Amino acid sequence: METKKEYKLQTVKMLLICIACILINMGGVRLMGALGWPLYMDSVGTVIAAAMSGYLPGVIVGLFTNLIKGISDTESLYYVVINALIALITYWYTKKEYIKKPLGILALIFSLAAVGWIYWILIGIVMNDPLTGAGVMEGLVTELADKGITVLIVLCLLFLLPVRFRQFMEFRGWQQKPLTDEQNRVVKKGMNRKMSLRTKIMLLLIAVFVVMGFASLMISAYLHRNYTRSEKTEFAEGISRMASTLVDPEMVDRYLEEGESAPGYLETKQHLINLKESNPVIIFIYVYKPEQDGFHVVFDVDSGDIPGDPPGFVTMISHDYDHCKAELLAGEPIDPVETNDEYGRLITTFTQIKNSEGVTVCYACADISLDAIYENETDFLTKLILLFVGFFILSMAVALWISDYNIILPINSMAISASKFAYDDEDALEDNVERIRELDIHTGDEIENMYQALSKTTEDSEHYVSALKHKTETISLMQNALIMVLADMVESRDESTGDHVRKTAAYTRIIMEHLKKLGYYTDQLTDEFMYDVENSAPLHDIGKIAVSDVILNKPGKLTDEEFEKMKTHTTAGAEILDQVISTIPDSAYLKEAKNLAEYHHEKWNGKGYPHGLAGEDIPLSARIMAVADVFDALVSERCYKKAFKFEDAIEIIRKDSGTHFDPKVAEAFLSAEDEVRQVAEHFTVYKVTKGQTETLRKRS
């Protein structure tokens, strides 16, 4: 059984396997680069880890391979999803044993190639670098060759490496006694009615990751946009400040009046042109003087195909500046303004140009394009999503692996073991305890607490059920003994030795067993029914306690009046047992005892007493007792008769089959003649000649 120390060794083993497989991936990349082949070979280690060790090591190897490659090639970071998916697909094909078949191998190669090829195309589209038709086909061929060689290498390892080494490569995180593959399938399937706990955990994790991922992406996008805008704004403010230093505030009015002919105007404009051309993100540089009628142009540098306005030109103040128009006219500082018009999305900064008296005479302005911010934001989000998906797969793999070995498997193991509990005998009870004990769950958390509680409960149940069984057996023996004592007390009034109740009980058991052998009444002849009939048989004549001793012990034939009183022992017995049943309503054996007492003198042809029932209207237990009672009365000596010979008694049963007795019951009795003889001979039997048959039947 695995211990915590062994679990730690397993973890160390997994880390070593992952490191080795990552090195295999990196070695493949280096080898292809050295040979100059147009292949990747960066997933050989990933496929080895997934096929031999499981999906978690496979995903870890795939993810960290790309992270390491990303140190020197950042584009590799955005392909982590491919290696993660390659690990999952390989694990699934291996688990299903599809790789043992040629078609399965081809399907695996095409599946892995398709993942890389489709993802490659999507990346090109998202990154605004779509591939041509020739490029797409070239990429497909490359992927098929790369994944084909990768799969063949792994297959060679799987089939050539010793079984012991492949078993060593397997990584399991057992927190209990390890299960076989078949047990693992059964346990993972569980006994859930609607949705398994594993599925619920997976859905919960997906929901958490999606919500957290979406929130993280939105926050990242917001921070990225604000940071970039702030950076652009600071840059624009720097440009406008530099432009303000190039303009002589004392010459502004002359620039407006004289234009380019004003002294120094052209030199200043050239400096502004040089400043604009210093960075391509600068869209416009201009110097405006705000007036009530609009912006008066002092300088306006050309921007590409867009010529600048001449000095003195008046342009309307845009509505984008309505919120700060008063400040502009007053020459006060102005915060950057963001606009979105025919020139695109721009950020405009204003720097005051003040004369020697400290009065703002105009503003130096710079327009910086923000379009790149939103384009970069899309690119940033795309790359972030690609990275997130890769780590999402890793997180899901880790979470499911932990939940499988720490929650799902232990809980389902306990549930399945508990569902197999049996309480039939002491061996079954011991098996229950041993089955739970063998699980050896040691998760070190609430699951282990539950396991310990279940183990204790199982052991306590075994002790309790064993004690209860012994008490039940004792009570049953006492019950049967009391029944026999009561029956003997009743029979002793009839000057009987008491053997009658024991022999009739034995005969009923023989009859019932042979009825089952013959296939008769099998739906009624349950173990419980047979037990109840046999053990309640001694009470069939309990009603005789209400019959006078004079009648019971009369040595001669009974008169009609005496016979009528004798017949009342059936209904009297039923009434006595009814009173007992009222205090113990759920006692099945008492109900059968009442049937025996009330109906054992009914006849198959309907000419019996007390109710004149016929055929199967007579309870089966009473039909069985009828044969047992009459036969024993025939072969037993009574105060009013001698015993019949065994053969003569058997013949009477055969003759009365179908009239007095149920023919099936009689057949079962007659088929067990040897067993019946053994019971009869076990007790003292006196052989006498025939006689007084009618008198016997009236008094039995």
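This is a predicted model: local features need pLDDT of at least 70, side-chain atom pairs count only at pLDDT 80 or more; totals for chains, interfaces and linings use all residues.

Reader: Which residue does Lys147 pair with?

Author: Lys147 forms a salt bridge with Glu143, and their closest N and O atoms are 2.7 Å apart. Because the two residues are 4 apart in helix H6 (residues 133–160), about one helical turn separates Lys147 from Glu143. Helices here are DSSP runs of H or I with at least four residues, strands are E runs of at least two, and both are numbered from the N terminus.

Reader: Are Lys147 and Glu143 buried or exposed?

Author: Both Lys147 and Glu143 are buried. Buried means under 20% relative accessible area, exposed over 50%, and partly exposed in between (1.4 Å probe, protein chains only).

Reader: What about Arg509?

Author: Arg509 forms a salt bridge with Glu534, the closest N and O atoms being 2.7 Å apart. Arg509 lies in helix H16 (residues 499–518) and Glu534 in helix H17 (residues 527–536), so this pair ties together parts that are 25 residues apart in sequence. Arg509 is partly exposed because its relative accessibility is 22%, and Glu534 is partly exposed at 24%.

Reader: And where do Glu647 and Arg677 lie?

Author: Their side chains, those of Glu647 and Arg677, meet in a salt bridge (3.4 Å, N to O). Glu647 is in helix H22 (residues 646–655) and Arg677 in helix H24 (residues 673–682), so the pair links distant parts of the chain, 30 residues apart. Glu647 counts as partly exposed at 45% relative accessibility, and Arg677 does at 24%.

Reader: Changing topic, which residues form the negative surface patch?

Author: Asp320, Asp322, Asp341 and Glu342 form it. Patches are made of residues with over 30% relative accessible area and no salt bridge, with like charges joined within 9 Å and nonpolar side chains (Val, Leu, Ile, Met, Phe, Trp, Tyr) within 5 Å.

Reader: Where is Asp320?

Author: Asp320 lies in the loop between strand S3 (314–315) and helix H12 (325–330). Asp320 counts as partly exposed because its relative accessibility is 33%.

Note on methods: Residues are numbered from 1 along each chain as its sequence is written. Side-chain values use heavy atoms; hydrogens and water are left out. Accessible areas come from the Shrake-Rupley method with a 1.4 Å probe; for residues, only the protein chains shown count as cover. A salt bridge is a side-chain nitrogen of Lys or Arg within 4 Å of a carboxyl oxygen of Asp or Glu. Lys and Arg count as positive and Asp and Glu as negative; His and the chain ends are not counted. The place of a charge is taken as NZ of Lys, CZ of Arg, CG of Asp or CD of Glu.
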